Amino acid sequence: MSMHIRTKAAALASIGALALTGGTISQAAAHDANAAAPEAHLRLQPSSPALARCFPHAWAKVDVHLTTDAVGKDRFTIEAKGLRPKTDFTVFLLEQAGSPFGAAEYIGDFTTDAHGRGANRFDLIVEEAFAFNNVTHARTDLSSVGVWFADETDDDECLGVHSPVTGFDGDGAAGVQMLNSRAAKLP
């Protein structure tokens, strides 16, 4: 049995014992499941050569504690550096890291500080994330990650005032994708 499976099995056994005894999952049990959980790690890079030239030190790391089976959700943490200061970014789980992106799930935002660093933590299901088309009955796994400029003008400094406006923000008007996971995939 691999370490990944043993860790998951031990966490599930603890949660299962609670359920059999009529107990509830305490914060301590959830913390233990997170501490012992297998993890996935990705490094995100600029999405285009033009963005890489404008932001030569831009990157982000994504760490995911895979605890869906143990506590019903995973912990997704993103830490980014070298980005445009004081700027909002949106984060998505994607079918495909680069364009065309296919199915996408908006999971949250982060804002960079005066030094171009930003971070956030999201609690959601990552390990089994998918999109389902009820008309075609097609299921699409979402195992890539992308980060967009939340405001459609925030990429103008790098790409010019006629840079594309995309729909990757709550108001339907975002800038281009800044970072993505390229060929690296979440489980």
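**View 1. Strand 1 and strand 2 run side by side in opposite directions.** In this predicted model, six bridges link strand 1 with strand 2, and the pairing is antiparallel. Strand 2 covers residues 59–65. Five of the seven residues in strand 2 are buried, so this strand is mostly covered. On to the next neighbour: strand 2 also runs antiparallel to strand 3, and seven bridges join these two. Here you can find A60 standing opposite A80 of strand 3.

**View 2. Strand 1 also pairs with strand 10.** Strand 1 spans residues 39–46 and strand 10 spans residues 177–180. Two bridges hold this antiparallel pair. To find your way, look for Q45, which stands opposite N180 in strand 10.

**View 3. Strand 7 and strand 8 form a hairpin.** Strand 7 (residues 130–133) and strand 8 (residues 138–141) are antiparallel, with four bridges between them. One of the residues to look for is A131, whose bridge partner in strand 8 is T140. Four residues lie between the two strands, and in the turn H137 has a positive phi of about 65°. R139 is worth a look too: its charged end sits over the ring of F130, 3.8 Å from the ring centre.

**View 4. F76 and F122 form a tilted aromatic pair.** The structure has 10 aromatic pairs. In this one, the rings are 5.8 Å apart, centre to centre, with 40° between their planes. F76 belongs to strand 3 (residues 74–81) and F122 to strand 6, so the pair ties together parts that are 46 residues apart in sequence.

**View 5. F101 and W148 meet edge-to-face.** Their ring centres are 5.0 Å apart, and the planes make an angle of 75°. F101 lies in the loop between strand 4 (88–94) and strand 5, while W148 lies in strand 9 (residues 144–149), so this pair ties together parts that are 47 residues apart in sequence. Both F101 and W148 are buried. If you look around them, you will find that F92, F101, Y106, W148 and F168 form one aromatic cluster.

**View 6. The charged end of R43 sits over the ring of W59.** The distance from this charged end to the centre of the W59 ring is 4.2 Å. To place the two residues, recall that strand 1 covers residues 39–46 and strand 2 covers residues 59–65.

**View 7. C54 and C158 are joined by a disulfide.** How many disulfides does a search of the whole structure find? There is one. The sulfur atoms of C54 and C158 are 2.1 Å apart. The link between them is right-handed, with 100° about the S-S bond. C54 is partly exposed, with a relative accessible area of 36%.

**View 8. T68 and D74 touch through their side chains.** The polar contact between the two side chains is 2.8 Å. T68 is found in helix 4 (residues 68–71). With a relative accessible area of 10%, T68 is buried.

**View 9. R84 lies in the loop between strand 3 and strand 4.** R84 counts as partly exposed, at 21% relative accessibility. Have a look at T112 as well: R84 and T112 are 28 residues apart in sequence, and their C-alpha atoms are 7.2 Å apart in space.

Terms used: Residues are numbered from 1 along each chain as its sequence is written. This is a predicted model: local features need pLDDT of at least 70, side-chain atom pairs count only at pLDDT 80 or more; totals for chains, interfaces and linings use all residues. Side-chain values use heavy atoms; hydrogens and water are left out. Two strands pair if DSSP finds at least two bridges between them. Rings of Phe, Tyr and Trp (its six-membered ring) pair if their centres lie within 6.5 Å; planes under 30 degrees apart count as stacked, over 60 as edge-to-face and the rest as tilted. Buried means under 20% relative accessible area, exposed over 50%, partly exposed in between (1.4 Å probe, protein chains only). A charge sits over a ring if NZ of Lys or CZ of Arg is within 6 Å of the ring centre and within 35 degrees of the ring normal. A disulfide is a pair of cysteine sulfur atoms within 2.5 Å. A polar contact is a pair of N or O atoms within 3.5 Å; within protein, one must be able to donate a hydrogen and the other to accept it, and residues adjacent in sequence count only if both atoms are side-chain atoms.
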